[in-house]
Amino acid sequence: MEEMFNTLPKHSCTWLKGNSTWYKYQNFWTLQRFHLGAILAQQNLKAQPSDILVCSYPKTGTTWLKALSFAIVTRQKFDKSANPLLTTFPHDCMPFLETDLDLIEENRNKSPLISTHLPYQSLPESTISSNCKIVYIYRNVKDVIVSQFHFLRGIHKLPMDDSSFEEAFDDFCQGISGYGPYWEHILGYWNASLERPGKILFLKYEDLKRDPTSNLIKLAEFLGSPFSDGEVKDGVVENIIKLCSFENLSNLDVNKNGLHNNLIEKQIFFRKAKDGDWKNYFTDEMKEKIDNLVDEKLKGTNLVLK
Ligand code: A3P
């Protein structure tokens, strides 16, 4: 493996001061350890038809989608006051394919959810042959760029200066970003959703913010745990929305303190959660460049990333 990685295209981001080296393998960029985890999963995962994959490109709303999906599929098991999300970091509520392969088997007793940032083309073959359902979240590209910049600079305790943001933006436009290119990630899942109708649900971060209720009802139906009329009347949908809201999750002790995987401060996963924060960072030229780029890349789909 070491030898193989030596032959791959690699990129050390200047805006991360050499703290992070990404490799391009299977047509996407990420850290060596996630590529290695992906290879292990591809070789060893025995997916079950009941497994449900929670898939996303980083910084598109993964934390939120994980919390919502987990709350939906486990809602019969817990009282409102004893929900595990009150004491568990959302990312710890389900195994992450690239790092938690050994937890997947045992976790099936608790929930069918497995999360991953892998592009569709790199999902383990057994997830495709088992026809596993996939829920995919995506988000306005400009907010993703800003969110990624803050997250990765934050991890390395670097200041948020304008010149570094420009470098991060340039890398992103060249497709060099964690699990990037972003548009390839989206297109992979989008094309698969056309080939496998009913098996891949697309949710958009901004739609979830604008209309959480109907999106949650759609998500619950897709996950095979639809809300009954009684539950809707009893406010179960609203309770899950509240439980998983940015305001609630970001203020819980479990999410404010400590490290995720002994590496990343959990609070970095909760920043502003605003739609349109990019306006504070982008020049007119940057806006035009990225809008044109995604228009061109996503031509023919009805996906809007602007
Ligand atoms: P910002 O950096 O724009 O604030 P991911 O979960 O994929 O890492 O994405 C992180 C982004 O989602 C961050 O966006 C974060 O603030 C936002 N976020 C985290 N939890 C959220 C929640 N419960 N509801 C809405 N947005 C959330």
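Start with the helices at the ligand: α3 (62–73) and α13 (246–250) each give at least two residues to the shell around the ligand. (Helices are DSSP runs of H or I with at least four residues, strands are runs of E with at least two, and both are numbered from the N terminus.) The largest share of that shell, 3 residues, is from α3.

Before going on, a word on what you're looking at: this is a predicted model, where local features need pLDDT of at least 70 and side-chain atom pairs count only at pLDDT 80 or more, while totals for chains, interfaces and linings use all residues. Residues are numbered from 1 along each chain as its sequence is written, and side-chain values use heavy atoms, with hydrogens and water left out.

**Stop 1: the ligand**

Select the ligand and the residues around it. Which of the 18 residues come nearest? They are K59, T62, T63, S147 and A273; being near here takes a heavy atom within 4 Å. By class, the shell has 8 nonpolar, 6 polar and 4 charged residues. (Ala, Val, Leu, Ile, Met, Phe, Trp, Tyr, Cys and Pro count as nonpolar, Asp, Glu, Lys and Arg as charged, and the others, Gly among them, as polar.)

Now zoom in on T63: one of its polar side-chain atoms is 2.5 Å from an oxygen atom of the ligand. At A273, a backbone N or O atom sits 2.7 Å from a ligand oxygen atom, and at C244 a backbone N or O atom is 2.9 Å from a ligand nitrogen atom. On its own the ligand exposes 560 Å², and the protein buries 98% of that (areas by the Shrake-Rupley method with a 1.4 Å probe).

**Stop 2: helix α6**

Next, pick residues 141–155. This is α6, and its 15 residues should span 21 Å at 1.5 Å a residue, which agrees with the 21 Å between its end C-alpha atoms. (The expected span is 1.5 Å times one less than the number of residues.) Is α6 mostly covered or mostly open? Covered: 14 of its 15 residues are buried, meaning under 20% relative accessible area with a 1.4 Å probe and protein chains only.

At the start of α6, look for N140, where a side-chain oxygen comes within 2.7 Å of the backbone nitrogen of K142. After the helix comes K157, with a positive phi near 55°.

**Stop 3**

Move on to residues 162–173. Helix α7 has 12 residues and reaches 16 Å from first C-alpha to last, close to the expected 16 Å. Color its buried residues: S164, F165, A168, F169, D171, F172 and C173. They pack against β1 (10–12), α6, α8 (182–195) and α15 (284–297). G175 follows α7 and has a positive phi, near 85°.

In the loop between α7 and α8 you'll find S177. Its relative accessibility is 0%, so S177 counts as buried. Leaving out neighbours within four places in sequence, S177 is in contact (heavy atoms within 4.5 Å) with W22, W29, Y57, Q148, F172 and Y182.

**Stop 4: Y120**

Last, select Y120, in the loop between β5 (113–116) and α5 (125–129). Y120 is buried, with a relative accessible area of 13%. Show H185 too: Y120 and H185 are 65 residues apart in sequence, yet 7.1 Å apart in space, C-alpha to C-alpha.

Which side chain makes a polar contact with the side chain of Y120? That of R196, at 2.9 Å. (A polar contact is a pair of N or O atoms within 3.5 Å; within protein, one must be able to donate a hydrogen and the other to accept it, and residues adjacent in sequence count only if both atoms are side-chain atoms.)

Key: The expected span of a helix is 1.5 Å times one less than its number of residues. Buried means under 20% relative accessible area, exposed over 50%, partly exposed in between (1.4 Å probe, protein chains only).
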